[in-house]
Amino acid sequence: MFSSIFIDRPRLALVISIVITIAGLVSIFSLPVAQFPEIVPPQVRVTAFYPGAGAEVVEQTVAQPIEQQVVGVEDMIYMKSTSGSDGSYSLTVTFAVGTDPDIATVNVQNRVSAAEAQLPSEVRSTGVTVRKASSATLQLISIYDTENQFDDLFLSNYATINLVDPLKRVPGIGDVTVIGARDYSMRVILDVDRMTSLRLTPGDIVNALRAQNVQAAIGRVGAQPMGDDPTFQLNLVTQGRLSDPEQFGEIVLRAEADGSFVRVRDVARVELGAKNYDAIATYNNQPTVLISISQSPGANALAIAAGVEETLDRLSRNFPGGLAYDV
């Protein structure tokens, strides 16, 4: 028997066992982790937003036109959509295993473009986003303040400005999302009783804001054609879009016959706050901002995690005050 060789020669068996053990220890650090076959079907996500609309209106005016065009796209298995009561819309299209996610994204984008003409103008102005996505979240990063110096509004905007873009550049990341983002926004809180007494409607205020908060191009002085060639040519620059609450409060809503004006500050309170307050994130009972990391289809999750950790370690050296993070 072959086994008798090792029974009769124990030293030979011991040497062979040691060699096999050493070879295993050496090879364990070079195993091809990413050589497994692709088993997760690629997905493409379509998102849109209809300000002020409810779930039923979003379903009728946004979901139906888009889904009528997208259904049946090449290599599609199924699709799932969600119409939110906050005006949000999300469509996830799942494709067959092995489908090129880039080609799938282009195909969905072409179908969505055909439906954009049927969408409300408010939806087109905010934009319809089409991007490939992973079916699961890879990591959640919590950015919090250990010294209670900053509120969630500051934390959210600090993460959006300083962390999101560097994280998106990590190879293999499909998307980086700030959950419960508190993007800075100019909030106009209307006084309904005051508006009623002055015979004003919310539409009047919206129209005034759109008409007077513009970037105007008013031309140049000394440009051709002119009778006499000027020595200098000057570009005229005016005040652009408004940027602080006081400027928005000065917007004129109506001119009265006695020469007085009704301004936004007379019927509303203007403040700089968050765009929405729909989601709240906490970490150990402290305000925090959550950053969701999704990997691209086919990417190596271990390599992405290492890249995220390295990026956060580098960025955390410039964190203000007691800002810290946890993965």
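Start by selecting Arg199, which sits in the loop between α8 (192-197) and α9 (202-212). Helices here are DSSP runs of H or I with at least four residues, strands are runs of E with at least two, and both are numbered from the N terminus. This is a predicted model, where local features need pLDDT of at least 70, side-chain atom pairs count only at pLDDT 80 or more, and totals for chains, interfaces and linings use all residues. Residues are numbered from 1 along each chain as its sequence is written, and side-chain values use heavy atoms, leaving out hydrogens and water.

**Loop stops**

Stay on Arg199. Its relative accessible area is 65%, so Arg199 is exposed. The cut-offs are under 20% for buried, over 50% for exposed and partly exposed in between, with a 1.4 Å probe and protein chains only. Now check the backbone: phi of Arg199 is near 55°, a positive value in a residue other than glycine. Most residues other than glycine have a negative phi.

Next, select Asn284. Look in the loop between β13 (282-283) and β14. Here too phi is positive in a residue other than glycine, near 55° for Asn284. Asn284 counts as exposed because its relative accessibility is 62%.

Move to Asn213, in the loop between α9 and β8 (220-221). Is Asn213 buried or exposed? Asn213 is buried, because its relative accessible area is 14%. Show its neighbours: leaving aside residues up to four places away in sequence, Asn213 touches Arg241, Leu242 and Phe248. Contact means heavy atoms within 4.5 Å.

Then pick Pro171, in the loop between α7 (164-168) and β6 (173-179). Pro171 counts as exposed because its relative accessibility is 68%. Draw a distance to Asp86. From C-alpha to C-alpha, Pro171 and Asp86 are 33 Å apart in space, and 85 residues separate them in sequence.

**The four-stranded sheet**

Colour the strands in the order β2-β3-β1-β4. They form an open sheet of four strands with antiparallel pairing. Two strands pair if DSSP finds at least two bridges between them. At the edges are β2 (76-83) and β4 (129-133), each pairing on one side only. From one strand to the next, the twist averages 20°.

Zoom in on β2 and β3 (residues 88-95). The two run antiparallel and are joined by seven bridges. Find Met76, which stands opposite Phe95 in β3.

Helix α3 (residues 55-70) lies across β1 (43-49), β2 and β3, at about 30° to β3. Helix α4 (residues 101-115) also packs on the sheet, touching β1, β3 and β4, and its direction makes about 160° with that of β4. Axes are lines fitted to C-alpha atoms, for helices over the stretch in contact, and angles run from 0 to 180 degrees between N-to-C directions.

**The cavity**

How many cavities of 30 Å³ or more are there? The count is one. A cavity is a set of points, on a 1 Å grid over the protein atoms alone, where a 1.4 Å probe fits but cannot get out; lining residues have an atom within 4 Å of a point. The largest cavity has a volume of about 60 Å³. Volume is the space filled by probe spheres set on the points, which are joined across faces, edges and corners.

Select the lining: Asp152, Ser156, Ile179, Gly180, Arg182, Ala279, Ile280, Ala281, Thr288 and Val289. The elements giving two or more residues to this lining are α6 (152-162) and β14 (286-295). Colour by class to see five nonpolar, three polar and two charged residues. Ala, Val, Leu, Ile, Met, Phe, Trp, Tyr, Cys and Pro count as nonpolar, Asp, Glu, Lys and Arg as charged, and the others, Gly among them, as polar.

Technical notes:
On a 1 Å grid over the protein atoms alone, a cavity is a set of points where a 1.4 Å probe fits but cannot get out, and a pocket is an open set with protein on both sides within 12 Å along at least five of seven lines; lining residues have an atom within 4 Å of a point.
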